[in-house]
Amino acid sequence: MGGGSAVPRYSQIVGELRRRIEAGELAPGDRVPSTREITRQWGVAMATATKVLTELRREGVVHAVPGVGTVVTAAPTNPAAATPASTPAHSPAHAPASPVSRAARPARSAAPTRPGAPSDATAGGQTGLTLARIVRAAVLVADAEGLAAVSMRRVAAELGVATMSLYRHVTDKDDLLVRMMDAAIAERPLPTEPPPGWREALEVAARQLWGLFRIHPWLAPALSLTRPQLITSALAYSEWVLEALHARGLDDQTAFTAHLTLLNYIRGLAQNLETEREAEAQSGLDSEEWMETQESAFQSTLDGGRYPGLARLAKSGYDLDLDGLFEFGLQRLLDGLAVLLGEGDTSGD
């Protein structure tokens, strides 16, 4: 079919998309065609389209963003140099052409700490290394590739220093993880003054926490409910909720139980952000595209008539929106708290 061409079809499509990125037709942050769009535009099978996005991800040219799709990581000036032949295809934790390498390193070189300040490149990579820089580099790796990609060796490589130099600032990876969570939550402090109503106050805290999980998908799985880490910036959220409920007369035990219930609802829903990102990176398919590959199997199961409710839903369609699901569940939880606080049954809305 290729007229005798020795270049595989998927490689031709990869080359075309890479050309668009180099030419600026697809800028950093722009969505690239999904697997479904590739199958339509180039008339190839889904497996070929998946291989296209997998190859571009391997090169570090694009990366998956939960709830958005596959986007351009950077506009590489020399893709061949960015992906040396010696780079293993399946070792993202150590690949020099990783998304975080492209995204983070130019930002650091373009915005030095202060004029004349020593860099990590001097004095054997030791001078200028700070705890804040270590934590920031680790957060960038986790944001781009997930928590599994974070290691002391990887963070040191991002900073261009020896791995052992990190241990002058952090005890181990567990210590680093707690500091990462503390820094991530501190990015979005709560307002200095809460709104007047308890419900409005809890909505502010809940939506702000959900927004943090959206920005840092690794954060929700990293937080533990049964073995809570000492995260100073997170204590402000606990205090905010407790004070709002104490003001309405709830005792300490009940208020804290309500706080944990709300926290775990948000955290539990947010864990889907990281698992979806991992699944998309491994399969090359976003959730919608994956559902399409399962459609025939689902439909054959529903055709038997044993699940009429699901069959009706399959015909009408259902758009899974995590933000909408979060808001729906939040309001129902707050409705229940309103009853507990003696504000009457709000289930009628």
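Reader: What counts as a helix here, and where is the place of Glu55?

Author: Helices are DSSP runs of H or I with at least four residues, numbered from the N terminus. The model is a predicted one. In that numbering, the place of Glu55 is in helix H3.

Reader: Is Glu55 buried or exposed?

Author: Buried means under 20% relative accessible area. The relative accessible area of Glu55 is 17%, so Glu55 is buried.

Reader: Which residues does Glu55 touch, not counting residues up to four places away in sequence?

Author: Glu55 belongs to helix H3. Once residues up to four places away in sequence are set aside, Glu55 touches Tyr10 and Val14.

Reader: How many helices and strands does the protein chain have, and what percentage of its residues count as buried?

Author: The secondary structure of the protein chain comes to 15 helices and 2 strands. The chain has 349 residues, and the part of them that counts as buried is 39%.

Reader: What percentage of the contacts with a separation of 6 or more comes from residues 24 or more positions apart?

Author: The contacts in question are those in the protein chain with a separation of 6 or more. Among these, the share from residues 24 or more positions apart is 69%.

Reader: Which residues meet where H1 contacts H2, and how do they divide by class?

Author: From H1 come Arg9, Ile13, Glu16, Leu17 and Arg20, and they meet Ile38, Gln41 and Trp42 in H2. By class, the residues of this contact are 4 nonpolar, 1 polar and 3 charged.

Reader: Where is Glu25 found, and is it buried, exposed or partly exposed?

Author: Glu25 is in the loop between H1 and H2. Leaving aside neighbours within four places in sequence, Glu25 contacts Arg19, Arg20 and Asp30. Its relative accessibility is 48%, so Glu25 counts as partly exposed.

Reader: At what angle do helix H6 and helix H8 pack, and how are they oriented?

Author: Helix H6 (residues 131-145) and helix H8 (residues 173-186) have their axes 9 Å apart. They pack at an angle of about 85 degrees. H6 and H8 are therefore roughly perpendicular to each other.

Reader: Which residues make the contact of H6 with H8, and what is their class count?

Author: H6 contributes Leu131, Ile134, Val135, Ala138, Val139 and Ala142, while H8 contributes Leu176, Arg179, Met180 and Ala183. By class, this contact has 9 nonpolar, no polar and 1 charged residues.

Reader: Why is helix H7 largely enclosed by the rest of the structure, and which of its residues are buried?

Author: Helix H7 (residues 152-159) has 8 residues, of which 6 are buried, so the helix is largely enclosed by the rest of the structure. Just after H7, Gly160 takes a positive phi of about 70 degrees. The buried residues of H7 are Met152, Arg154, Val155, Ala156, Glu158 and Leu159.

Reader: Where does Leu334 lie, and how far is Leu334 from Ala258 in space?

Author: Leu334 lies in helix H15, and with 0% relative accessibility it counts as buried. Leu334 touches Trp198, Arg199, Leu202 and Glu203, not counting residues up to four places away in sequence. Leu334 and Ala258 are 76 residues apart in sequence, while their C-alpha to C-alpha distance in space is 9.7 Å.

Reader: How much space lies in the largest cavity, and which residues lie nearest its centre?

Author: The count comes to 1 cavity of 30 Å³ or more. About 60 Å³ of space lies in the largest cavity. Its lining has 13 residues, and nearest the centre lie Ser34, Thr70, Glu280, Asp286 and Glu289.

Reader: Which helix gives the most to the lining of the largest pocket?

Author: The largest pocket holds about 1,400 Å³ of space. It is lined by 40 residues, with Ser287, Glu288, Met291, Tyr318 and Leu320 closest to its centre. By class, the lining has 15 nonpolar, 10 polar and 15 charged residues. With 11 residues, the helix that gives the most to this lining is H13.

Terms used. Residues numbered from 1 in each chain as written. Predicted model: local features only at pLDDT ≥ 70, side-chain atom pairs only at ≥ 80, totals over all residues. Heavy atoms only, no water. Axes fitted to C-alpha atoms, helices over the stretch in contact; angles between N-to-C directions. Parallel < 35°, antiparallel > 145°, perpendicular 65-115°, else oblique. Contact = heavy atoms within 4.5 Å. Nonpolar A, V, L, I, M, F, W, Y, C, P; charged D, E, K, R; others polar. 1 Å grid on protein atoms, 1.4 Å probe; cavity = no way out; pocket = protein on both sides within 12 Å on 5 of 7 lines; lining within 4 Å. Points joined across faces, edges and corners; volume = space filled by probe spheres on them. Buried < 20%, exposed > 50% of the residue type's maximum accessible area, 1.4 Å probe, protein only.
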